[in-house]
Amino acid sequence: MLSFLKKGRPDPYGVIHEQWKSSFKWHQKKRLIEEETPGYSSGIRHSVFTLELKKQNCLAWVTSRLYKYRDFILEGRISIDKENGYSAAGFIFRSINDENLYYFLISNKGYFRFDVIFNRNPIHLIEWTECPLLGKKEVDLRVIAHGSVFSFFIDDEWIAEIHDETIPEGSFGFAAQNFSEKDRANVYLHRILIESRPAEVEKAYYRWVHYVPVRPEFRVTLAGTFFSTGRYLDAVIMLKKALKGREGRPDEYFLLAESYLNLRIYDKALQSIEEFLKREPESSEALLEKANLLYLMKEFIKARDYVQEIVSQFSKNSSLWNLLGNSEYALGNWDKAYQAYQKAADLDPEIPLFRINLARVYERLDQQESAFLTYLTASRLLFRQEAYEDLADVLPRARKIMTRYLSAGAPEGKDQEVKGRKTNSFQSEYRELLALEGKMFFHEGRRDEPEKLFAQLIESGYQDSAVFFLYGLILIEKGDREPADVYLQKAAEMESGYFLYWFRLAENRFLLGRDPAECLSKAYELNPGDPWVNNLMGQCAGREGRFNEAGRFFKKALKLAPEEADIYLNFSDSLMRQGKPDKALAVISDGISSAGENPRLFNQRGNLYAKLNNFTAALTAYEKALQLEPENSQFMENCAACCLELDMIMRAEELLSKLLTDSPSPSVYNLTGNLAVVKREYKRAELSFKEALKLEENSEVQLNLTALYLERGRYREAKKLLDQVLGNEPELRKALALQDELRNKYENRIACAACNREWWVPVEIPPQKRLIIHGEPPSAAPAGKCENCGQVFCIQCAVDHVKDKRFICPDCGKAPLKLADDHLKYLILQYLDKEDQG
């Protein structure tokens, strides 16, 4: 009996070896996904696969439904609608998901590019490169992927190739990109073929990549792209292939030399420059590059002799004189090196390198004072140019010279005298050096070192507005705004025409709650077009209730800096204080549109919705803020609080657990306590509130703990904590409400019948012992209760009604006032205890 085995169906998610093609006729199987989204749509129209982009600055693609491919040939006829603005079309391949894939695009302006997206990060493999084959109505694009080698062809002509090993396999698809010229774009795929059978791919790879001739100019163009993007080895490979078997142009040899130079293959670079000079012997750029290469190859004698040979042609070239100095320095010819470096510095005094080299040779010549002063000059230039890395190298050299200089040559017993004399002669320069060092540290983000240096300089009487200003900023960062104000003011007075000093002084006074009007007016007068000055003007106007004026300043600030999130935040706060929540929300929406998806703007949107009790919308905003900045503890707190309002217990628990692990704070413990109350985990709630109070005495937490005690019937703890809060904030509304609840549940009211003074006494009290009062109780204490009419009076109201040294009822006048009632005894004992403690 014969049995026939059916061929198994391939895994739709696995790597396949096949040939598949389509011209998108109705009877052919479909693989590219047809879909409709807000940003793009795809589908077959009139036997053409169409991808429509519906917005500007949009890159979109559709993928095949089936299979992955490793090595393949991907071909397609592509066209771009002539009505499009600037746009592009092409293929994606080796796509794992939307975060990991390659894409190759051709544009309607005659350029192509090749990128890989890896873990959502785009990496440019081939930047936009011009190609004369593009720009026609339709083009045939071929991609061959063979291991790590990618080759690209237009109409059977090679245009590019590159090696990359980022993604080994994946699916393919059709891609398009629309830029900012028009709102919509259409691109078309007329036919497609993918071949992944190993024998066919191997045959095509060797045919198209190794045997079919390539236009040399295409390789040279690609080499230029590689060079401009720092892919120097790829540039060398392309140029070597372009030059093989032909006489190259001079610019090709020069580009090859520059590529070798950047790879630090100096001998090959020199050979290429020599080839260039054979063709253009008078090229000044090549002559200078040859001199530079001889020096880099450490051929110092050849470099010196060659520079001396050509220097007469370039007598005004400071770099060449500097190179001559370098060569003489390397040969130990200090005097000649000095002459060359001095010439370079004279020709171009704004280049710090020439000053540094001159200082180095001064050191060799043992001219320490000149070396120090020259290093100082170089340091000034470097600081002005914000070259802090180089400055960090130069300043220690200058310091070392000064230290050595101060300690040198002093006879025994006269060190201090000599040191003082030398210090005085360079006192101003040395202080300037210290100031530069402090400024450099500040710009590097360090604070301890510049704080000490600036404090010493200020104490020594050094007058530099920047030192006072930066010292003030350091104090602000430490939270010392009051003392900082003195230094900011000094800086502003020393350089009164610099708006930034006045602005930061005004800002500091605003945050201190002081009047910044005078300083801010000066800043505005000096620079009315600065967005941050206008922002602060708006904040000040809003604080004083001048809301219309505040709005004008905020709008002006946003017009000047529409991408600054802080201004939108301040403007929305101002509108919220005016009771205009809708406008505040509109400002935040404008900010998200203009400043991008800034997480603080989404957090502010959540805050605004929360104030409006729209917790569902608030939660959406908070979650978006967390998506953009997942580790922000404030966003997590806000989101957790919102979840509690919406009874989303699990999400609140998740957020608070992370906060308790990573950044516990009083507010986090407070929220955790509230969550525990909702879950009826009362012991956990109590512990959380107590942990919060250990970190900070906070009335909100105290009242939450008070409410917990009340709910659990723990009257005495609730009473003690509530009295503490009301002692500090007697008008606090929530505390007064809890007091009413406590009294209704656990206390009796007793009132003086004359003045209505009231006392509140626990309902349940133990029997009170017999009272024997010595001395005079306070006037606010109860005098007693009339046995005849049953009314209670305070001592102040009963003091004029005494008979036989006993209080008599002021109302009926018949019976004495007695403290026989346990509640009255309790009250009088409370007053006496307070007096004893006092």
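This is a predicted model: local features need pLDDT of at least 70, side-chain atom pairs count only at pLDDT 80 or more; totals for chains, interfaces and linings use all residues.
Lys-785 stands opposite Val-792 in β18, and in β21 the bridge partner of Lys-785 is Lys-818. Residues are numbered from 1 along each chain as its sequence is written, and side-chain values use heavy atoms, with hydrogens and water left out.

- Helices (H or I, at least four residues) and strands (E, at least two) are DSSP runs, numbered from the N terminus.
- Two strands count as paired if DSSP finds at least two bridges between them.
- Three strands make an open sheet here, in the order β18-β17-β21, and the pairing is antiparallel.
- β18 (792–794) and β21 (817–818) stand at the edges with a single partner strand each, so one side of each has no neighbour in the sheet.
- Three bridges join β17 to β18, and the two run antiparallel.
- β17 and β18 also form a hairpin with five residues between them, and Gly-790 in the turn has a positive phi of about 80°.
- On the other pairing, strand β17 (residues 782–786) meets β21 in the antiparallel sense over two bridges, with Cys-786 opposite Leu-817.
- How many of the five residues of β17 are buried? Four of them are, so the strand is mostly covered; buried means under 20% relative accessible area, exposed over 50%, and partly exposed in between (1.4 Å probe, protein chains only).
- In a regular strand, side chains alternate between the two faces of the sheet.

**Another strand pair: β4 and β13**

- Five of the six residues of strand β4 (residues 58–63) are buried, so β4 is largely enclosed by the rest of the structure.
- Six bridges join β4 to strand β13 (residues 171–178), and the two run antiparallel.
- In this pair, Leu-59 stands opposite Gln-177 in β13.

**Two helices and their lengths**

- The expected span of a helix is 1.5 Å times one less than its number of residues.
- Helix α27 (residues 649–662) has 14 residues and should span 20 Å at 1.5 Å a residue; its end C-alpha atoms are 20 Å apart, which agrees.
- The buried residues in α27 are Ala-652, Glu-653, Leu-655, Leu-656 and Leu-659.
- What do the buried residues of α27 pack against? They pack against α25 (615–628), α26 (633–645), α28 (666–678) and α29 (682–695).
- Helix α10 (residues 352–364) has 13 residues and should span 18 Å at 1.5 Å a residue; its end C-alpha atoms are 19 Å apart, which agrees.
- The buried residues of α10 include Pro-352, Phe-354, Arg-355 and Tyr-362.
- Asp-366 follows α10 and has a positive phi, near 60°.

- Contact means heavy atoms within 4.5 Å.
- Cys-519 is found in helix α19 (residues 517–526) and is buried, with a relative accessible area of 3%.
- Leaving aside its neighbours within four places in sequence, Cys-519 is in contact with Trp-502, Leu-505, Ala-506 and Arg-509.
- Ser-379 is found in helix α11 (residues 368–384) and is buried, with a relative accessible area of 0%.
- Again leaving aside neighbours within four places in sequence, Ser-379 is in contact with Leu-391, Val-394, Leu-395 and Leu-436.

**Pocket and cavity**

- On a 1 Å grid over the protein atoms alone, a cavity is a set of points where a 1.4 Å probe fits but cannot get out, and a pocket is an open set with protein on both sides within 12 Å along at least five of seven lines; lining residues have an atom within 4 Å of a point.
- Grid points are joined across faces, edges and corners, and a volume is the space filled by probe spheres set on the points.
- The largest pocket holds about 640 Å³ of space.
- Its lining has 21 residues, of which Lys-719, Asp-723, Tyr-826, Gln-830 and Lys-834 lie nearest the centre.
- The elements giving two or more residues to that lining are α31 (715–728), α32 (733–746), β16 (758–762) and α34 (822–837).
- Which element gives the largest share of this lining? That is α34, with seven residues.
- There is one cavity of 30 Å³ or more, and the largest cavity holds about 60 Å³ of space.
- Residues lining the largest cavity include Trp-20, Phe-24, Arg-31 and Phe-49.
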